[in-house]
Amino acid sequence: MSDTPENIVSYKFHNIDVSKCKRCEAFSCEEACFRGIYEVLNKDSEPVCTVVEEREDHCIKCHICTTACKLRAITID
Ligand code: SF4
Ligand code: SF4
C-alpha cells in the first residue's frame with residue numbers, strides 16, 4: 001500500500017488516506033472525535049472515512065483522532 005497523493009482525500013484541513021481505511025476494522029476515528037467530525041461509510045465492505053463537511057470547522061485540532069487511528073490514515077494541516 002503506498003502513500004501516493006491520489007490516495008489522499010483532502011477537506012479544508014483534514015486529509016485522509018482512504019487506501020488505509022479499506023483495511024480498517026476498528027473505525028476508531030468516529031469514536032475518538034467528540035466533535036463528530038468523522039463518519040465511516042461502507043463498514044461492512046470497503047470502509048472509507050469521510051469528514052462531515054458542515055462539521056469540519058468544529059475541529060479544535062486536539063489530535064485525538066490522529067492518535068486513535070492506528071493505521072495513521074489521518075493528517076491535519
Ligand atoms: S481514518 Fe483510520 S480509524 Fe478511521 S476508518 Fe480510516 S483507517 Fe479506520
Ligand atoms: S483533532 Fe480533535 S476535534 Fe479535530 S477531528 Fe480530530 S478528534 Fe476531532
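1. Ligand 1 in this predicted model has a shell made of Cys-21, Cys-24, Phe-27, Ser-28, Cys-29, Val-40, Cys-49, Cys-69, Leu-71, Ala-73 and Ile-74. By class, that shell counts 10 nonpolar residues and one polar. No charged residue takes part.

2. Ligand 2 has its own surroundings. His-14, Cys-33, Arg-35, Ile-37, Tyr-38 and Cys-59 are among its neighbours. Ile-60, Lys-61, Cys-62, His-63, Cys-65 and Ile-76 also belong to the shell. Here the classes divide into eight nonpolar, two polar and two charged.

3. On location, ligand 2 sits in the largest cavity.

4. Two lysines deserve a look for their placement over rings. Lys-61 lies over the face of Phe-13, at 4.5 Å from the ring centre. Lys-61 is also one of the residues around ligand 2. Lys-43 lies over the face of Phe-27, with 5.7 Å to the ring centre. Phe-27 in turn is part of the shell of ligand 1.

5. Ring against ring is another matter. A pair of aromatic rings is described by the distance of the centres and the angle of the planes. With a limit of 6.5 Å between centres, the count of aromatic pairs is zero.

6. On the fold, the protein chain contains three helices and five strands. Their order along the sequence is β-β-α-α-β-β-α-β.

7. Overall dimensions come last. The C-alpha trace of the protein chain spans about 30 × 25 × 20 Å along its principal axes. The radius of gyration is 11 Å. That agrees with a compact globule, because a globule of 77 residues would have a value near 11 Å.

Terms used:
Residues numbered from 1 in each chain as written. Chains lettered and ligands numbered in written order. Predicted model: local features only at pLDDT ≥ 70, side-chain atom pairs only at ≥ 80, totals over all residues. Heavy atoms only, no water. Near = heavy atom within 4 Å. 1 Å grid on protein atoms, 1.4 Å probe; cavity = no way out; pocket = protein on both sides within 12 Å on 5 of 7 lines; lining within 4 Å. Sits in = over half its atoms within 2 Å of the grid points. Nonpolar A, V, L, I, M, F, W, Y, C, P; charged D, E, K, R; others polar. Phe/Tyr/Trp six-rings, centres within 6.5 Å; stacked < 30°, edge-to-face > 60°. Lys NZ or Arg CZ within 6 Å of the ring centre and 35° of its normal. Helix = DSSP H or I, 4+ residues; strand = E, 2+ residues; numbered from the N terminus. Rg over C-alpha atoms; globule rule 2.2 N^0.38 Å.
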